[in-house]
Amino acid sequence: MFNHRNVPFAAAFAGMVSVQTGAAFAKTLFPLVGSEGVAALRLGLSSLVLLAALKPWRLNFRDAGISWLTMLTYGVTLALMNLLIYRAFAYIPVSVAISIEVMGPLCAALLTSRRASDLVWIALAALGMVGLAIGDVKGEIDIRGVAFSLAAALFWGIYVLVGRRASAGGGQSVAVGMTIAAAIAVPLGVAQAGTALMSTHVLMVGFSVAVLSSMLPFLLDIYAMRRLPARVFGVLLSGSPAVSAIAGWLVLNETLTPTQCGGIACVVAACAGCALFSRPRADA
């Protein structure tokens with residue numbers, strides 16, 4: 001029988017699958033509107049729909065125990081996380097970028113842990129990074145993509161930590177955060193792509209990306225964050241590199257060498273192991 005206690009875990013997993021699938025479709029628009037253009041579509045369309053559907057102005061954030069500084073940090077983090085990882089996609093395969101970016105949630109989890117055995121997960125993650133690098137026989141690993149992925153990893157880690165505090169407002173927190181993020185990304189996207197953003201094809205694919213990559217996963221994330229410790233939520237994202245590799249192969253025909261697949265497996269194992277065996281200093 002399905003246990004309702006598993007719902008937050010299922011929500012986090014479904015959000016991960018949705019966002020990685022959306023990432024693969026987002027890359028198909030890069031030749032038309034660029035990475036900033038896609039980020040603008042994703043965040044702009046998402047914010048419009050969420051504002052209309054959830055009416056976040058009805059929520060009293062003070063009563064919910066959420067400061068506006070928290071919401072501002074949450075929104076800025078969403079913007080930078082999206083802008084940076086999309087820029088990384090422009091230089092390296094989606095699965096490689098995600099494998100690097102997932103270091104953010106892993107580090108967030110390890111920072112709240114207290115076991116010396118966590119060094120094993122750090123070593124596995126490092127081994128995974130080495131596997132991704134030495135398996136690059138096709139020369140697809142551009143250092144610029146790595147740099148952008150590492151920056152995105154920083155903000156993904158912050159997102160995991162700040163998102164838990166913002167989650168007290170539920171979906172309305174997502175709507176506010178998405179609007180703040182859109183206010184940052186949309187001007188950049190318009191500057192890069194201009195009127196190309198208004199193409200019917202671009203808008204249709206952009207809306208699909210917004211649903212898959214923002215509206216659905218962030219609502220699922222906020223639900224899961226309210227019910228799971230930050231470290232657990234962070235490491236539940238351990239499957240992200242594997243899911244992104246499958247999505248990249250199906251949607252973009254991006255293939256990896258066996259060594260790179262082994263590197264991704266090490267990253268997944270590091271995150272999963274941390275989820276199973278690391279113990280937090282204090283689970284809120």
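## An exposed loop residue: Asn253

Asn253 counts as exposed because its relative accessibility is 58%; exposed means over 50% relative accessible area, buried under 20%, and partly exposed in between, with a 1.4 Å probe and protein chains only. The residue lies in the loop between helix H11 (240–252) and helix H12 (258–277). Although Asn253 is not a glycine, its phi is positive, at about 60°.

## Basis of the description

This is a predicted model, in which local features need pLDDT of at least 70 and side-chain atom pairs count only at pLDDT 80 or more, while totals for chains, interfaces and linings use all residues. Residues are numbered from 1 along each chain as its sequence is written, and side-chain values use heavy atoms, with hydrogens and water left out.

## Overall architecture

The protein chain contains twelve helices and zero strands. Helices (H or I, at least four residues) and strands (E, at least two) are DSSP runs, numbered from the N terminus. Along the sequence, the pattern reads α-α-α-α-α-α-α-α-α-α-α-α.

Of the 284 residues in the protein chain, 54% are buried. The accessible surface amounts to about 12,300 Å², and carbon and sulfur atoms contribute 69% of this area; such areas come from the Shrake-Rupley method with a 1.4 Å probe, and for residues only the protein chains shown count as cover. Among contacts in the protein chain with a separation of 6 or more, 90% join residues 24 or more positions apart, a contact being heavy atoms within 4.5 Å.

## The crossing of H8 and H9

Helix H8 (residues 171–193) and helix H9 (residues 200–225) have axes that come within 9 Å and cross at roughly 130°. H8 is therefore oblique to H9. Axes are lines fitted to C-alpha atoms, for helices over the stretch in contact, and angles run from 0 to 180 degrees between N-to-C directions. Angles under 35 degrees count as roughly parallel, over 145 as roughly antiparallel, 65 to 115 as roughly perpendicular, and the rest as oblique.

On the H8 side, the contact is made by Gly171, Val174 and Met178, and on the H9 side by Ser214, Phe218, Leu219 and Ile222. These residues comprise five nonpolar, two polar and no charged. Ala, Val, Leu, Ile, Met, Phe, Trp, Tyr, Cys and Pro count as nonpolar, Asp, Glu, Lys and Arg as charged, and the others, Gly among them, as polar.

Lys55 is placed in the loop between helix H2 (30–54) and helix H3 (68–89). Its phi is near 45°, a positive value in a residue other than glycine. Lys55 counts as partly exposed because its relative accessibility is 28%.
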